[in-house]
Amino acid sequence: MIVKFDNLDILDEDILSYQDRVNKIVDDLNNRKNKIDDFVGWLNVDIDKEEIDKIKTTALKIRKQAQVLLVIGIGGSYLGARAVIEALGNDKKLEIIYVGHNLSSDYIQSVIDYIKDKDFAINVISKSGTTTEPAIAFRIFREIMEQRYVDAKDRIYVTTDSKVGALRSLANDKGYTSFAIPNNVGGRYSVLTSAQLLPIACANIDIERLLKGAKEASLIYQNNNVMNNECYRYAISRNILYKNDKFIEIFANYDNRLHYFSEWWKQLYGESEGKDNKGIFPTNLDFTTDLHSMGQYIQQGRRNIFETIIFVNSNYDIKISKNIDNSDNLNYLDGKTINYINRKAMEGTIKAHVEGGVSNILIELERLDELELGKLIFFFEYACAISSMLMGVNPFDQPGVEEYKKNMFKLLNKPGF
Ligand code: PA5
């Protein structure tokens, strides 16, 4: 993984002026990472061997007992797992369907219809155990499961807080297999913990290599020189751009396997940084697709945006061949691979956008596998915490999301609202 800062109009001395502040933030995070009542536990990427074995054994059991796994969760308790599974692919032995991340009746009905004649299992993931959307989905699909299977209890897997919450009590009462979300890790920082590794393992993805990648990144980014530490530099660059009125960051991928990774990134940065009337507005696009929809705005709209581009080299060698009549005028591409053309599209777009006043950060991956993705996840989590703290906000809370809930509960006559 290489991060390039060539297309940012930022002086080295400006980056260096952040050295002391970053040192303090890093010390603070390191001091807090082992505290059980804080939210910095994600900095420890080592998970007990016993826990890993339990996840792997349970995943094998689910892959044998079901054709479909319903993963129920929302926000940080869903996006990380989906990001990894969509990026690395599911071997399709077990289909994974996500529910509980919306309140669309049509969507839920379509899932009910789809699983009618299929064996299914459920992994419900909710730290609080009380989030409305997943709680509703769990009630609906648990009922279907209990009506259909005498062994329903053996098909339900609960991932929640180790001690408290409605789901924890239910799991204990019913004897469901359960996993404990670490106390000191919040939803959006939980992808590399027991919170989300079960569905990832169910897709036959090597969770140990994912963690190994994150571990490698955690060692690489211990280098405390802000000029050489790409993670610190990304956090600092965002803050400098923000001060220069670049309020919107577009996270654009050139590989649509990274669509849900971008969704995960968007939540991580939006929920961590957007508070106290501060924060870069994070948004994501899929290129080249969205160059044909949003490309116009990026090139010539308001100049308050910058881009973080992610480009993955492809292993596939799909070549364009010469065609005798050349009716599509594509013979100039004779012998070139799609990967090469995609790269040239990326290079041409960066040049155009930079000339149009849109600064660019480029992240290149030689390949997309467990190791690289683990590194990338750690890179963004760590940079997000540092960037938010440089901005002067708490990266680990989300007080604002309660507002809509209060209104909704009142409208639904929930007791106490
Ligand atoms: O990042 C977060 O903390 C949130 O997005 C939560 O993950 C999300 O609201 C779901 O919460 P819970 O796991 O308690 O159901």
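1. In β10, N360 is the bridge partner of E307. The model is a predicted one, in which local features need pLDDT of at least 70 and side-chain atom pairs count only at pLDDT 80 or more, while totals for chains, interfaces and linings use all residues. Residues are numbered from 1 along each chain as its sequence is written, and side-chain values use heavy atoms, with hydrogens and water left out.

2. Strands β9 (residues 305-312) and β10 (residues 359-365) pair in the parallel sense over 7 bridges; strands are DSSP runs of E with at least two residues, and helices are runs of H or I with at least four, both numbered from the N terminus. Two strands count as paired if DSSP finds at least two bridges between them.

3. These strands belong to an open sheet of 5 strands with mixed pairing, in the order β1-β10-β9-β7-β8. Its edge strands, β1 (2-7) and β8 (281-286), each pair on one side only.

4. Helix α13 (residues 338-355) lies across β1, β9 and β10 and runs at about 165° to β9, where contact means heavy atoms within 4.5 Å and angles run from 0 to 180 degrees between N-to-C directions of axes fitted to C-alpha atoms, for helices over the stretch in contact.

5. The ligand is surrounded by 13 residues, the closest being S77, S126, S128, T131 and Q267 (a heavy atom within 4 Å). An oxygen atom of the ligand lies 2.6 Å from an N or O atom in the side chain of S126, and a polar side-chain atom of Q267 is 2.7 Å from an oxygen atom of the ligand.

Conventions
A polar contact is a pair of N or O atoms within 3.5 Å; within protein, one must be able to donate a hydrogen and the other to accept it, and residues adjacent in sequence count only if both atoms are side-chain atoms.
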